[in-house]
Structure formats: C-alpha cells, structure tokens
Amino acid sequence: MALAVSSRVPPVHGLGTPVALDGGTLVAHAMRQTRPDVVAAYPITPQTVITEAFSQFVANGEVHTEFVPVESEHAALSVCIGAAAAGARAQTATSGPGLALMWELLGVASGMRLPIVMHLCTRALSAPINILCDHSDAMAMRDTGWLLLFSENGQEAYDQAIIAVRLGEHPQVLLPVANVLDGFIVTHCVERALLLPDEVVSEFVGEYQPAYALLDLQRPVTVGGLDFQDFHMEHKRGQVEAMARAKGVLEGLFQEFAEISGRIYRLVEPYRLADAEVGVVVLGSTAGTVRYVVDRLRARGVRAGMLSIRSFRPFPALEVAAALAEVKAVGVLDRALAPGASAPPLFSDIASALAGVGLSKRLLGWVYGIGGREVLPQHIEGVFHTLADPSVPPGLVGWLGLREGR
Amino acid sequence: MLSLRPWYEEPPGGLLPYPGNSVEVDTGAWRSRRPVIALERCVHCMICWAFCPDSAFIVQDGRLIGVDLEHCKGCGICARECPKACIAMEPEPALTPA
C-alpha cells in the first residue's frame with residue numbers, strides 16, 4: 001500500500017468480504033444488517049436502487065422489517081416518525097424532490113428528537129428538472145436539525161449507514177441522521193467494497209433501547225404536545241446541545257468502528273495537507289477526484305492538499321480551522337448555490353470557522369457540478385493553479401466547467 | 001409538575017413523561033363565549049357531559065352541577081346538543097364592552 005497504486009481507485013482496506021456492488025446496494029446491505037424495525041420509502045431516482053434492493057431482502061426473509069411502501073415521501077417520513085416515537089428503529093431513503101416533499105417532517109423528526117436514519121442520495125432540486133447529482137437537496141436540509149454525514153464512495157456510505165444508527169440512538173444525541181451519498185456517482189457506480197459479517201454489524205449496533213416509547217404501556221408519555229413561548233425555547237436549546245454533543249459521540253463511534261472494520265474515519269479527512277501551501281475543501285465523491293489531482297501535483301513538486309468534510313452537521317469548526325491553519329491559500333468547492341447569499345454554503349462555513357479562531361487566510365471559492373455537470377481533473381488543477389496565483393482576488397472565483405462564452 | 005425548569009432539565013423534544021397533565025393547565029383562557037346553564041330546567045340527561053370535547057362538565061352524585069371554566073374552550077357544542085335548550089352561550093364578561 002506504500003506504493004501509490006492508482007489514486008483513481010479509492011483505497012479500500014480493512015476487514016470484510018470483498019464484493020463488487022453499487023453504493024445503493026451497499027447501503028441496502030447496511031440497512032439489512034442494522035435490522036430496522038420499520039422502513040418506509042417511496043421510489044425516486046437515484047435513491048430507488050436502495051429501496052429496491054432492501055425490499056428484496058425483506059421479501060426473501062433476510063431481514064424482518066416492516067417495510068411500508070407509502071404513497072409519498074411526506075408519508076415516508078411520517079411513518080418513520082410514528083414508528084420512532086413508538087420506540088422502533090426506523091429508516092428511510094430519498095433524493096432531491098423527495099426530500100423536498102419531506103420538508104415539513106424534517107423539523108418534526110429532529111424537534112421530537114427521534115433517531116431516524118435517512119440515506120440521502122443527492123440530486124438537484126427542480127427546476128429545470130434534473131435527476132443528477134448536486135448538493136442542493138442536502139444543503140436545503142442544513143438547518144433542519146439533522147446530522148449530515150457525507151461519504152466519498154460506496155464503502156464509506158455503507159460504513160456510515162452502520163455508524164449512523166448508533167449515532168442517532170445514542171442517549172446523549174437522540175437526533176435523526178442523514179447519511180449522504182452522491183446520486184449516481186456513488187449510488188450507481190459499481191465499486192469494490194468490503195461487507196462486514198452480519199453478526200459483527202448486529203453486535204455493533206445492538207438493539208434500540210428508547211428511553212421513552214409510546215408503546216411502553218407501563219410508562220405512558222405524551223409526545224408532540226403544544227409547546228408555546230414558555231417552553232419551546234428551552235426544548236430548542238436542548239436540541240442544539242444534542243447536536244453539539246454529537247461531535248464527541250461520533251468521534252468515539254469512529255474509534256469503535258475502527259475496531260470492527262479496520263477503517264479509520266474522522267470528522268474531517270485531511271489528505272497531504274500537513275505541509276500544503278494550497279488546499280482544497282470538498283464534500284462527497286469529488287474528494288476522489290481532488291485526491292487524484294493532489295497526487296499528480298505533488299509528483300510535480302506542487303505542495304497541494306485536500307480537506308474532505310465528513311461531518312457537515314455538526315460542523316467541526318475547530319478541527320477545520322486546525323487542519324487549514326498552515327495552508328497559505330484555501331479553495332472551497334460548493335456543489336450547491338445560495339442565491340443572494342454572501343457565499344455558497346460550504347464557503348460560508350469554512351470562512352466562519354477560520355474567522356472564529358481569528359485566522360485570516362486567502363480564501364477562494366468555486367461552484368461546481370450543478371445538475372450533474374462533470375467535474376474533471378483539469379478543473380481541479382485549474383483551482384490549484386488559481387490558488388497559487390496571488391493576483392487573483394479572494395472570494396467566489398467562478399463556476400467550474402460553465403460555458404462562459406465571450 | 002409543569003414547573004418552569006432550566007432547559008437542561010427538560011425531557012428531550014418537549015416530551016411529557018407524565019400523562020394527564022392538562023388538569024394543571026388553564027386551557028380555557030382563549031374562550032370568547034361561556035356556557036351558562038339554567039340548572040332549574042336541567043333534566044341531568046348528561047348529553048352535554050358526553051359531547052363536551054374537554055370533559056368540562058362537573059357532575060356530582062349523578063347530577064350536573066356546573067362547568068369547569070379552566071378547561072371549557074367555549075365551543076358551544078353543549079348548547080347546540082342540549083335537548084332542553086337550557087345552555088346559553090354568553091360573551092365572556094371581560095370581552096363585553098363597558
């Protein structure tokens with residue numbers, strides 16, 4: 001492994017049975033292995049691969065889940081909320097417009113502190129209608145109180161699908177978790193991955209032991225009660241605290257997961273960043289492309305590096321600032337727009353993370369991959385070259401791969 | 001039980017681990033009209049008691065004796081259902097112009 005085999009193939013290492021599967025099916029295996037009591041989902045591209053594969057596991061008797069083929073995504077998340085409030089382990093999966101239809105329930109799930117796991121296969125929001133990958137759906141749920149974990153490839157999506165169950169159900173957290181995988185790029189591409197044994201996963205996640213459950217007739221509770229000005233603020237304060245606590249809980253779970261899998265995850269993943277002069281910050285599958293370009297530039301003597309954000313919510317601001325502290329120029333790649341805002345979402349978070357610790361840094365931003373627009377190594381190389389050029393003013397530089405005309 | 005505790009002592013998500021707590025809360029504060037019963041004409045059939053969505057009719061020894069105005073929201077279902085028409089909905093005194 002010391003030899004850089006080929007950076008185009010994500011390093012797959014650790015324990016498990018090698019399989020060649022698309023990311024969606026890998027996530028469906030994780031769902032089967034984490035044994036949810038209830039799964040409610042509605043088909044939508046590119047998420048459908050997950051629901052199809054999982055419903056086959058149910059039909060084959062490989063998992064004893066109550067699978068509810070609902071009439072809409074609004075119903076899908078409603079069913080999950082009811083199930084989770086009753087004390088069940090509930091999961092769902094969706095994409096873009098499906099997530100938009102879940103909108104009303106996103107805040108209900110997090111506000112009621114229900115540890116639902118959602119596999120979000122990112123897709124552009126209409127209009128113009130588009131089924132391909134960008135992060136406008138994930139960014140639209142940014143402030144709904146869900147934990148958001150981004151994955152680079154099918155292996156990570158599978159591993160995070162397992163970790164997410166423990167994370168949400170942790171008594172110090174009790175929040176819904178979105179396991180984010182890039183539509184088509186991760187959901188549909190067949191990759192080599194390692195499947196953990198069923199019994200190892202089931203032991204890792206254990207049984208859900210809810211502190212309160214509607215079906216616990218010995219200790220009846222009221223959920224969803226009217227919560228006016230004399231209580232609402234206290235409950236919201238508690239919800240924000242749970243999100244903050246999730247950071248430490250997640251780090252602990254990464255350690256525990258490393259023990260069963262041999263795969264070490266961090267809140268943010270630095271790559272060749274320690275001595276980097278130019279660094280790129282990225283979310284999701286594009287980290288693979290950036291890693292490839294970093295290696296190519298390093299071979300030419302350019303001190304390039306990357307920071308991939310795994311835990312987007314909670315946002316590990318201190319870890320981000322520490323990782324970027326010595327980098328001279330930082331480029332942030334956003335796969336979503338924030339029209340009218342001072343900057344796109346990831347750029348804003350990086351800028352405030354740096355400002356929060358008093359770091360003043362040359363910070364440049366690019367929008368890329370909107371509606372599935374291809375992002376190529378030469379685009380990323382261009383980003384690194386611009387970062388190294390002090391004549392380019394900081395701020396949002398432009399859109400990668402856009403037909404600029406002129 | 002519904003004390004104003006600091007945020008870190010509140011159960012998660014506004015969940016109430018003790019059911020039946022509405023006896024402690026004045027849920028009738030938003031009433032604009034109140035039922036006034038002509039008890040001398042009441043036959044104690046208990047139709048108002050059965051229809052009331054807020055269980056606000058007070059019954060003692062099988063006889064209706066009054067309305068719990070902390071929980072009556074003034075919907076007027078009782079007045080509509082009363083077979084003896086002995087319940088009248090009257091404006092809340094505080095809302096009547098002086």
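Questions on a Predicted Two-Chain Model

Visitor: What confidence does the predictor report for chain B in this predicted model?

Guide: The model is predicted, and the mean pLDDT of chain B is 92, with 94% of its residues at 70 or more. For chain A the mean is 96, and 97% of its residues reach 70 or more. The complex as a whole receives an ipTM of 0.86 and a pTM of 0.92.

Visitor: Where in chain A does pLDDT stay under 50?

Guide: That stretch is residues 1–9 of chain A, for which the model has 5 contacts beyond four places in sequence. Where pLDDT is low, the predicted coordinates should not be read in detail.

Visitor: Why is Glu73(A) called buried?

Guide: A residue is buried if 20 or more other C-beta atoms lie within 10 Å of its own. Glu73(A) has 26 such atoms within 10 Å, and is therefore buried. Glu73(A) lies in helix 3 of chain A, residues 73–86. Setting aside residues up to four places away in sequence, Glu73(A) touches Tyr42(A), Thr94(A), Gly98(A), Leu101(A) and Met102(A). Tyr42(A) is 31 residues from Glu73(A) in sequence, yet their C-alpha atoms are 5.8 Å apart.

Visitor: Why is His44(B) described as partly exposed?

Guide: The count for His44(B) is 14 other C-beta atoms within 10 Å. A residue is exposed at 12 or fewer and buried at 20 or more, with partly exposed in between; His44(B) is therefore partly exposed. His44(B) belongs to the loop between strand 1 (33–37) and helix 1 (47–51) of chain B.

Visitor: What makes the phi of His44(B) worth a remark?

Guide: Phi of His44(B) is near 60°, a positive value in a residue other than glycine. Most residues other than glycine have a negative phi. Leu174(A) is another such residue, with phi near 50°. Leu174(A) sits in the loop between helix 7 (154–169) and strand 7 of chain A. With 24 C-beta neighbours inside 10 Å, against a cut-off of 20, Leu174(A) is buried.

Visitor: How do you know that the peptide bond from Thr45(A) to Pro46(A) is cis?

Guide: Its omega is near 0°. Pro46(A) is in the loop between strand 2 (38–41) and helix 2 (48–59) of chain A. A cis peptide bond also joins Ser126(A) and Ala127(A), with omega about 0°. Most peptide bonds are trans.

Visitor: Why are the buried residues of helix 11 of chain A said to line one face?

Guide: The buried residues of this helix, which spans residues 317–324, are Val320(A), Ala323(A) and Leu324(A). Viewed down the helix axis they fall within an arc of 90°, so they line one face of helix 11 of chain A. They pack against several elements of chain A, among them strand 9 (268–271), strand 10 (278–282) and helix 12 (345–356).

Visitor: How do you know which domains chain A has, and what joins them?

Guide: The domain assignment gives domain 1 (17–261) and domain 2 (269–399) of chain A. In chain A, 26 residues of domain 1 are in contact with 21 residues of domain 2. Helix 9 of chain A gives the most to the domain 1 side, with 5 residues.

Visitor: What makes up the contact between chain B and chain A?

Guide: Chain B gives 11 residues and chain A gives 17. By class, the chain B side has 8 nonpolar, 2 polar and 1 charged residues.

Technical notes: Residues numbered from 1 in each chain as written. Chains lettered and ligands numbered in written order. Predicted model: local features only at pLDDT ≥ 70, side-chain atom pairs only at ≥ 80, totals over all residues. pLDDT = per-residue confidence, 0-100. Helix = DSSP H or I, 4+ residues; strand = E, 2+ residues; numbered from the N terminus. Arc of directions from axis to C-beta. Contact = placed C-beta atoms within 7 Å. Nonpolar A, V, L, I, M, F, W, Y, C, P; charged D, E, K, R; others polar. Domains from an automatic or database assignment.
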